[in-house]
Amino acid sequence: MYETFIDLDELIIRCRDKQAKKFIQEAVACYRAGAFRSCIVATWNAVVFDFLHKLRELELLENGEASNLLKQFEKISSESKVRELWQFESDIPKWALEKFELISPVEQADVKRLFEDRSRCAHPSMTSLEEPFEATAELARYHLRSAVMHLLQRPPVQGRSALNQIWQAIKSEYFPKDTEGAVSSLHKGPLARARFSLIKDIVIGLTKSLLNEEIPEDERERQFSALNAVSKMYYKETGEILNAQLSNIILRIVDTSWDKVIIYLDNVTAWESISEPCQIKARTFIERLNIYEEKSSYINKLSIEKINILVKASRIDFLTDAVISKLQIPFKDLLSLKKLCQNKQFNEKIVNPILKTFVPQASFNELITILTDENESLNEEMEFYLKEKIKETSVKRIFSVIQRTQNDKINHLIENFFKEKISTASLDELILIREYFMDELEDQDKEVLELNNIIDISVNRLIKECSFEQIDKLWEIKSNYPDLLIDEHINFLLETNVSNIVDQFMKSGSFASAKSNAYLISKVVDFLKPVHWNYILEAFCTNNQIYDSYGCPDIFISLFNQSIEITGTVQPYWFSFREKLNGLNGVDINRLKQVIDSYQARE
């Protein structure tokens with residue numbers, strides 16, 4: 001670990017043990033007063049008390065070596081054995097390295113030098129009287145820094161035992177899976193003020209495990225959180241380690257584990273670059289990735305596991321183009337992928353731009369599928385093509401889409417086009433919509449009900465534009481949809497077409513048309529004049545398609561009764577008609593004769 005110039009007050013703050021911190025405070029005070037020999041002596045005293053404090057902490061962790069050393073120190077201290085105490089102190093650098101791995105060999109050399117200089121400062125007899133030992137400010141400050149950085153700031157566990165303790169913590173089911181929680185957990189253990197070697201062992205160990213080992217997903221999540229926590233605690237060091245070694249580790253990965261490489265590169269934020277050979281292998285892996293489930297079926301089904309790999313790869317800059325190239329798949333599969341993958345960033349960055357290339361050739365249904373995304377704004381190009389497709393799509397289909405689409409923005413867009421479409425729709429098409437959706441209208445939202453009102457307005461407008469030749473259709477509409485404003489227009493058509501109705505009846509060319517035309521006569525009976533009656537009754541007696549038509553005589557019985565109700569008496573043209581009926585026979589004709597005769601008898 002490399003650090004810049006450290007302020008003396010910060011060195012004091014970094015000390016863990018209260019007793020050791022007091023001696024460091026004393027050493028700093030001596031340094032500032034120019035008493036550099038005293039500074040070095042106080043610094044060594046701080047090292048001794050810090051070492052004893054660490055032994056007590058290790059004893060609580062049931063470390064036998066620590067317990068034995070504490071007992072040894074307490075014994076010789078209580079017996080005031082000066083020589084043994086001096087020997088105990090002189091062995092601290094050796095024990096710190098060999099027994100407890102608290103320091104590295106390089107750091108041990110610094111601690112030994114501190115002890116030697118402390119002896120020179122505290123015992124003048126150990127130096128030449130002609131050339132007494134001179135402690136300089138630089139030497140005093142060097143020892144101050146070395147003592148704090150190598151020992152006083154660190155927890156009692158380092159080296160192999162620290163590494164084992166960290167791994168055990170990560171393997172625990174209760175280790176946090178989030179980075180912040182992992183940071184809090186690791187800050188309380190050996191990784192607090194850790195040596196560079198320990199950081200490296202953890203970073204490389206976790207990296208190799210995540211890239212090579214088949215471990216449960218739960219444990220994998222804990223390892224990722226731990227690695228990102230170390231990266232957050234020691235970002236510079238972690239970046240240095242990964243940028244130096246990650247590429248070599250990846251190049252040794254077997255082909256079947258390359259999905260782990262993609263997952264690793266996406267989850268770990270500390271690495272800045274990997275080598276070109278690694279990038280080439282990663283791109284090749286994406287190019288050869290089979291994103292469909294391998295089943296013996298003619299139906300291609302996307303694999304959610306492989307799609308998740310693509311999602312992660314898309315967040316790695318040098319793999320983005322490879323992901324886009326991989327997703328040049330059929331349109332229907334692309335739509336399935338978008339529905340399958342709920343990752344907003346992936347859809348916006350990768351899937352939607354590819355989908356837009358399909359827009360010019362997409363059908364109405366496909367366009368709706370593309371656009372019904374609450375988080376996607378519609379661009380002008382899509383609006384243009386959607387409007388063009390709406391022109392080719394039935395009103396019924398558009399109305400159905402509006403009913404089921406939950407996206408307000410898209411519905412609003414479609415509704416605007418839909419209103420234009422309604423203005424050019426035929427009466428048959430609009431009636432069909434009403435027939436199809438009428439039963440569901442009670443459950444529709446305000447917008448759909450508003451559209452239905454627009455449809456009704458258009459229907460009524462088209463009804464008013466119907467000619468007399470479409471009157472049969474109007475009656476059919478009226479029977480099915482009594483709510484429509486249709487009676488007034490039917491009456492208008494009948495009243496203004498009496499002569500046409502009479503003429504059409506007179507020219508009846510079949511039994512069926514005769515009956516239908518006779519029915520029309522019954523609808524305009526209020527508007528018939530004597531001249532019309534004469535034509536109608538004459539045609540009945542002379543056109544065999546009329547008098548032989550099944551049903552016509554019964555309609556004329558009704559006409560006769562209606563005529564009497566209107567005028568209050570039997571009109572003369574009915575007497576003339578009765579005489580002509582004598583030349584005709586048949587059950588229905590005879591019944592008509594009887595009805596007319598019964599009224600004549602009364603009069």
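Predicted model: local features only at pLDDT ≥ 70, side-chain atom pairs only at ≥ 80, totals over all residues.
Biologist: How are helix α29 and helix α32 oriented to each other, roughly parallel or roughly antiparallel?
Modeller: The axes of α29 (residues 511–523) and α32 (residues 552–567) come within 9 Å and cross at roughly 10 degrees. Angles under 35 degrees count as roughly parallel. Therefore α29 is, relative to α32, roughly parallel.

Biologist: Which residue class has eight members in the contact of α29 with α32?
Modeller: On the α29 side the residues are A514, K515, A518, Y519, I521 and S522, and they meet C552, I555, F556, L559 and Q562 of α32. Two of the contact residues are polar and one is charged. The eight others are nonpolar.

Biologist: Is T238 buried or exposed?
Modeller: T238 sits in helix α13 (residues 235–251). Apart from neighbours within four places in sequence, T238 contacts I199, V203, V230, S231 and A270. Its relative accessible area is 1%, and the cut-off is under 20%, so T238 is buried.

Biologist: What kind of aromatic pair do F540 and F556 form?
Modeller: The structure has 20 aromatic pairs. In the pair of F540 and F556, the centres are 4.6 Å apart and the planes are at 45 degrees. Planes under 30 degrees apart count as stacked and over 60 as edge-to-face, so this pair is tilted.

Biologist: Which helices does the pair of F540 and F556 link?
Modeller: F540 and F556 each have 0% relative accessibility and count as buried. Both belong to one aromatic cluster, which also includes W533 and F560. The two residues are 16 residues apart, and the helices they link are α30 (residues 530–542) and α32.

Conventions:
Residues numbered from 1 in each chain as written. Heavy atoms only, no water. Axes fitted to C-alpha atoms, helices over the stretch in contact; angles between N-to-C directions. Helix = DSSP H or I, 4+ residues; strand = E, 2+ residues; numbered from the N terminus. Parallel < 35°, antiparallel > 145°, perpendicular 65-115°, else oblique. Contact = heavy atoms within 4.5 Å. Nonpolar A, V, L, I, M, F, W, Y, C, P; charged D, E, K, R; others polar. Buried < 20%, exposed > 50% of the residue type's maximum accessible area, 1.4 Å probe, protein only. Phe/Tyr/Trp six-rings, centres within 6.5 Å; stacked < 30°, edge-to-face > 60°.
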